[in-house]
Amino acid sequence: MTIKQLSYFLAVVDTGRFTQAAALCRVAQPTLSKQIRSLEEDLGETLLTRGHDNVTPTAAGEALLPLARRIVADSETARMEIAELAGLRRGRLRLGATPSLCVSVVADVLEVFHGRYPGIAIQISEGGSQDLVADLQRGQLDVALVIDRTDPGGDLALTPVLREELVVVTARSGPDLGEHIGIADLAAHPLVVPRPGYELREVTLAACAAAGVTPRIAVEGGEMDAVLRMVERGLGVAIVPSLVLAGHPSLRATRLDGGAWSHRTISLAHRTDVAPTRAAQAFREDLLAVLARTSRTGHLPPGVRYVHPPTLSA
C-alpha cells in the first residue's frame, strides 16, 4: 500500500469515475486502474463497486476512506513542512473563503502575505461555508474563513476573527424598505437566495420558518455575485452580509430586526488532526495583524467589527 495508491483511491471515490479520477491525478486511466487493483490485492478486499454509470466504495472501501484521507493529508503536510524549512521561500497555501470575504478581507491580507512570502503559491477556493468545511475535512484546504454557525464537527478548530451584520438589500430604483425591517415583513417581497451550500441560504429560510413566514422565492441557485445582480435588476430582495455592499452603489441596505441570528461570526478554521503548515500559520498571523490594524484605524466596513481572539489555536 502506497501513498500514490491511496491518492488514486480517493480520487475515484470523490469523482465517481475512473476516467475523471485519472484526469484529476494526471495519469493514464489504465495506470490508475492497475494501481487500484494492486491496492485491493494488497489489502485482500474489493474496495470499489464498478457500476455502469458510477463507481462507489464497498464496505471495505468506506472503512478505508477516512484513514486514506488522513494518511494522504499527513504525507502532504510532511512534504510541505520540509519544503518550508528554507524560510517560507517556497511552498503552498490552500485557502478557502466565502465570496464576501474574497473581495474584501482576503484581498487585503493576501497583499501583505504575498509581500512577505512571494515564493508561496496561493490557491483560493471560493464558496459557501458548508462547502468549505467539507473541503477542509477532505484535506483539500489548509485553512478557511467560514461562518461560525456552520457545525464543523469535532475534527475542525475555529478561531473567531470578525462579527458581521446581515442586511436586506434592494435596488435603489425599487421600493424603499426604510431603516429597519422584520422577517415577517419580507413575506410581501420576492426573495433572491443563493444556491445550497451557502450558510446564508439556510439561515434565511430557517428565520422565515421560525417567524411563520412562507417566503416568495423569485430566484434561487446562484453564487453571491449573481444574487446581487438579480437584486440590482429588481427581481427581488435578498439577505446578505454587509461586507458585500462595497462596490454596489445601486443597492440599498435595510437593517434587520432579526435578533441574534441577524449577526454572524466569521472564523478561521483548520483541521485538528493535521498540524497546520508553516504557510497556514503565517497566514493566520498576517490575518490577525491586518484585521487588528484595520479595526484600530476605523476602516472596517459598516456592520463589521474585529473579534479579538486571546490566542490562535494551533
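**Exercise 1.** Determine which exposed residues are carried by the face of helix 3 turned away from its buried side, and which residues of helix 3 are buried.

*Solution.* The face turned away from the buried side carries Pro 30, Lys 34 and Glu 41 as exposed residues, where exposed means over 50% relative accessible area, buried under 20% and partly exposed in between, with a 1.4 Å probe and protein chains only. The buried residues of helix 3 are Leu 32, Ser 33, Ile 36, Leu 39 and Glu 40. Viewed down the helix axis, these buried residues fall within an arc of 120°, so they line one face of helix 3; the arc is taken over the directions from the helix axis to the C-beta atoms.

The model is predicted, so that local features need pLDDT of at least 70 and side-chain atom pairs count only at pLDDT 80 or more, while totals for chains, interfaces and linings use all residues. Residues are numbered from 1 along each chain as its sequence is written, and side-chain values use heavy atoms, with hydrogens and water left out.

**Exercise 2.** Describe how helix 1 (residues 3-15) is placed against helix 3 (residues 29-43).

*Solution.* Begin with the axes, which come within 9 Å and cross at roughly 110°; they are lines fitted to C-alpha atoms over the stretch in contact, with angles running from 0 to 180 degrees between N-to-C directions. Helix 1 and helix 3 are therefore roughly perpendicular, the term for angles of 65 to 115 degrees. Next, list the contact (heavy atoms within 4.5 Å): helix 1 contributes Gln 5, Leu 6, Tyr 8, Phe 9 and Val 12, and helix 3 contributes Leu 32, Gln 35, Ile 36, Ser 38 and Leu 39.

**Exercise 3.** Carry out the corresponding analysis for helix 2 (residues 18-25) and helix 3.

*Solution.* The axes of helix 2 and helix 3 come within 9 Å and cross at roughly 105°, which makes helix 2 roughly perpendicular to helix 3. On the side of helix 2, the contact is made by Phe 18, Thr 19, Ala 21, Ala 22 and Cys 25, and on the side of helix 3 by Gln 29, Leu 32, Ser 33 and Ile 36.

Technical notes. Helix = DSSP H or I, 4+ residues; strand = E, 2+ residues; numbered from the N terminus. Parallel < 35°, antiparallel > 145°, perpendicular 65-115°, else oblique.
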